[in-house]
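Open the model in your viewer and keep the selection panel at hand.

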Amino acid sequence: MTTTNKFLERIKIHRDSKKEEKFSGTLEHYLRLVEKNSHIVSLAHKRLYDQILSHGVIALDDSDHRCNKIFDGEEVKIFDYFSSQFFGMEKPLEKVMRFLRSAAMKGEESRQVLLLLGPVGAGKSALVEHIKGALESCSPIYVLEGCPIREEPLHLIPRSLREEFSETYGIAIEGDLCPVCRHRLINEYQGDYTQFPITQASFSVRGRKGVGVVPPMDPNTQDTSLLIGSEDISKLDLYPEDDPRVLSLNGAFNVGNRGIVEFVEVFKNEIEFLHTMITATQEKNVPSPGKQAMIYFDGVIIAHCNEAEWNKFKSEHTNEAILDRIVRVNVPYSLEFAQEVKIYKKLIGRSDFDCHIAPHTLEVAAMFAVLSRLKPSNKVDPLTKMKIYNGAEIVEKGTIKKVDIKDLREEVEDEGMTGISTRFVMKAIDAALADSTKNIITPISIRDALIKQVKEQIVKAEDRKVCLQFLQKTLHEEYLSILEKEITKAFVTAYEEQAESLFNNYLDHAEAYVNSTKLKDRVTNEEMEPDERFLQTIEEQIGIKGSAKNNFRADITSYMFAKLRRKETIDWRSYGPLREAIENKLVTSVKDISRIVTKSKSRDVKQQKKFNSMVQTLIDNYGYNEDSAEEVIKFASNNLWRDS
Ligand SMILES: Nc1ncnc2c1ncn2[C@@H]1O[C@H](COP(=O)(O)OP(=O)(O)O)[C@@H](O)[C@H]1O
Ligand SMILES: [Mg+2]
């Protein structure tokens, strides 16, 4: 089959699948459906909530690494509908879902606007887009045929019968016929509402079906027809002035009925313009463009804006009525660099990039972004704070006290609402690639690109200084330390085994020391005293000296044995500080050989062999290619092992 024939086949199948029978009937048929399945009359908030939830939800409990370390043991819900596309956003998403849930149960939230507040590039627009997308996979809704706002067929039931309806079906009917359907009922069906045709309709973001979007408007062109539709001038000649047939109900609140109305950068609009929004929430009604009665509106209103606009808006007390109608959810930047990396990977995955990205490249960029977003702490330096926010266990220098993430969080308010945006970093990635002659990006080239961009684009001198400090000093050193460990691993054959053996030895000796007992040599079975010298060579790697050693050893021993009692496995990575000590110890042990061997001038044959094997390991096991390995080794030998 030719390619085109194959594709035509696909088109046919696709079209056939779309041909599914649409419901077509009258009130009688509809009532029978409602009797069988009352969900078909759900209001907008409930429909949306149920749809998102139907993808699944799990609660992260304390068996999960992130729950334990990042959320401080609080149970966090993860909604599957978002989890493959939004990263490090669990808390805001939980709040959004809590809003929808209360609104679905017709709580006060069903009469409120959901406002997403956050800095540029924090993912607000993407999130709203994704939420709107959920509607498209909803089952089609039942609507009055030809209704411009696709209204609920139960609106046909007259007020006088509604109480009885509610008792019979257990469903309360909200809202009345729109002026267009009312006119048709009287004129085409002589008021016999049992004859009004009912059909089905689905949601479409691009087709403006059930989804209305209000972009920010220039105050001079603001026109409420964008919200509530207008009167069609060409029809004014044909019909009397108050005839609903002159109405074009194509405003955002008309097309968004039963679905979502989105206000983009909402507070860029004039206040007057927002009053319709308030009426829509308060009364669940919007004005009709003509002289007709108000039109019932049932929809989720989602607005978003940044903090500067919000603060300006909030400070004007004339806006209180609107403020009262808003449920605000902060959408900050991610403060976990591992999650931030996932965002970049997602964005890169969507582009046509096909270059080689060296290990730690995105990590270094993400670390920079997070550092710029953190507020300073009195307890730890920015780099340490960044690591703790990423889930690392860090012990205060020279002590055994672990820094508690909760203490750091409590020091500050509203963190993550400022700093470097995702877009800023993505632009630097583009720039680094454009400058590369070998089609690679490395931590070194991304850092250079970021430095350049900071110098060019950050106008506030103070901010610029802080950012440059992070890039030129903090991350320069941090990357060198990451790189040193990586090269060590590639040098040391059986790195894991060596680390594991140091760990076991340390634990044996520390335990004997803590319990004042002797220990048995694993090979000779001889009894011996704990080896104080050995214990210290490990501890000094992370600055534990003097009497602090007693607590450190006791701490590790009880930590490990508690884990063993819970039948968890332990290894050399189990306890952050000890892991760091072991890594440093191994790095120190190969420092000299690293220095000699990576200097190309002084290599002899044996050293050359060792060097080649190290490079090969970097390529085979650690994700480098030849060019990126060469670049980072050169960087290491220029910066790490300078002959002094
Ligand atoms: N936490 C996040 N998880 C996944 N993607 C994100 C996240 N934050 C930002 N993004 C991505 O960054 C880009 C910019 O976000 P955008 O929604 O335009 O931000 P905003 O509307 O807040 O200015 C989008 O492509 C979005 O998908
Ligand atoms: Mg946006």
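Select α7 (124–136), α16 (337–350) and α20 (422–435), each of which supplies at least two residues of the shell around ligand 1; helices here are DSSP runs of H or I with at least four residues, strands are runs of E with at least two, and both are numbered from the N terminus. This is a predicted model, in which local features need pLDDT of at least 70 and side-chain atom pairs count only at pLDDT 80 or more, while totals for chains, interfaces and linings use all residues. Residues are numbered from 1 along each chain as its sequence is written, chains are lettered from A and ligands numbered from 1 in the order in which they are written, and side-chain values use heavy atoms, with hydrogens and water left out.

Next, show the 17 residues around ligand 1, of which Gly-121, Lys-124, Ser-125, Ala-126 and Arg-423 come nearest (near means that a heavy atom lies within 4 Å). Look then for polar contacts, pairs of N or O atoms within 3.5 Å: a polar backbone atom of Gly-121 is 2.6 Å from an oxygen atom of the ligand, and a polar side-chain atom of Lys-124 lies 2.7 Å from a ligand oxygen atom.

Now select the open sheet of 5 strands, ordered β7-β10-β13-β4-β14 with parallel pairing, where strands pair if DSSP finds at least two bridges between them. Its edge strands are β7 (211–214) and β14 (326–330), each pairing on one side only. Finish at β7 and β10 (residues 260–263), which pair in the parallel sense over 4 bridges, with Val-261 in β10 as the bridge partner of Gly-212.

Definitions and conventions
A polar contact is a pair of N or O atoms within 3.5 Å; within protein, one must be able to donate a hydrogen and the other to accept it, and residues adjacent in sequence count only if both atoms are side-chain atoms.
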